[in-house]
Amino acid sequence: MCKYCIAILMTLLSITNVIAQQKKVVRPFEYELSFGTTYGSDTYVGSRKIGPAISMEGRYNINNSPYDIGLEIYFGSVIRSYQGDDLSNRIASISLYSDYNINRGCNVSYFLGAGIGIASFDVILGDYGDEGSGLVFSPRVGVELHRHIRITAYSKMAKEGYNSFGLSIGFVLGGGLKK
């Protein structure tokens, strides 16, 4: 059994090395503005509905590495229909992210990563739920097209009633191939 685990690990490491050798040199800084939707991920109360989200992120592409680090400011609302009215729980967060990029600098580049940060929770429509602040964990995966359009699927895990899945499209300035 141990031999199979070592063989699988060695295969994965060799694939990672091949992918890493295909990297192109990109500019160190990029900025993203994204718009998207949220959908409640917990059963909290009522029926879930699609809500809005907007975020801004600055990223630093680590030289000679497939990794980047970024700082994101995020605003989103988890919306539910409850007792005939809409209930909107807003989350505002600032998070530190790190992503692993595959084919960075190419016309189609994939990424996966995670962020951790602090968030403010607020009921902005309706009168059900807790308010306050706390930690937020945010895994994400996506694709960057032509070095300027990012489509991202993400999750915000923080507090009951505020947890959500999301899908966003972002417009990236900067980054791109280094000249």
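Colleague: In this structure, are Tyr-74 and Tyr-154 buried or exposed?

Modeller: Both Tyr-74 and Tyr-154 are buried. Keep in mind that the model is predicted.

Colleague: What describes a pair of aromatic rings?

Modeller: Two values are used, the distance of the centres and the angle of the planes.

Colleague: How many aromatic pairs does the count come to?

Modeller: The count is four aromatic pairs. One of them is formed by Tyr-67 and Tyr-100, at 5.1 Å centre to centre and with 65° between the planes. Planes over 60 degrees apart count as edge-to-face, and Tyr-67 and Tyr-100 are such a pair.

Colleague: Which parts of the chain does the pair of Tyr-67 and Tyr-100 link?

Modeller: Distant parts: Tyr-67 lies in strand 3 (residues 67-82) and Tyr-100 in strand 4 (residues 85-102), 33 residues apart. Tyr-67 has a relative accessible area of 40%, so it is partly exposed. Tyr-100 counts as buried because its relative accessibility is 17%, and the cut-off for buried is under 20%.

Colleague: Why is the pair of Tyr-74 and Tyr-154 edge-to-face?

Modeller: Because the planes of Tyr-74 and Tyr-154 stand at 80°, with the ring centres 6.0 Å apart. This pair also joins distant parts of the chain, with Tyr-74 in strand 3 and Tyr-154 in strand 7 (residues 149-156), 80 residues apart.

Colleague: Which ring does the charged end of Arg-140 sit over?

Modeller: The ring of Tyr-97, with the charged end of Arg-140 3.8 Å from the ring centre. Arg-150 has its charged end over the ring of Phe-111, 3.7 Å from the centre of that ring.

Definitions and conventions
Residues are numbered from 1 along each chain as its sequence is written. This is a predicted model: local features need pLDDT of at least 70, side-chain atom pairs count only at pLDDT 80 or more; totals for chains, interfaces and linings use all residues. Side-chain values use heavy atoms; hydrogens and water are left out. Rings of Phe, Tyr and Trp (its six-membered ring) pair if their centres lie within 6.5 Å; planes under 30 degrees apart count as stacked, over 60 as edge-to-face and the rest as tilted. Helices (H or I, at least four residues) and strands (E, at least two) are DSSP runs, numbered from the N terminus. Buried means under 20% relative accessible area, exposed over 50%, partly exposed in between (1.4 Å probe, protein chains only). A charge sits over a ring if NZ of Lys or CZ of Arg is within 6 Å of the ring centre and within 35 degrees of the ring normal.
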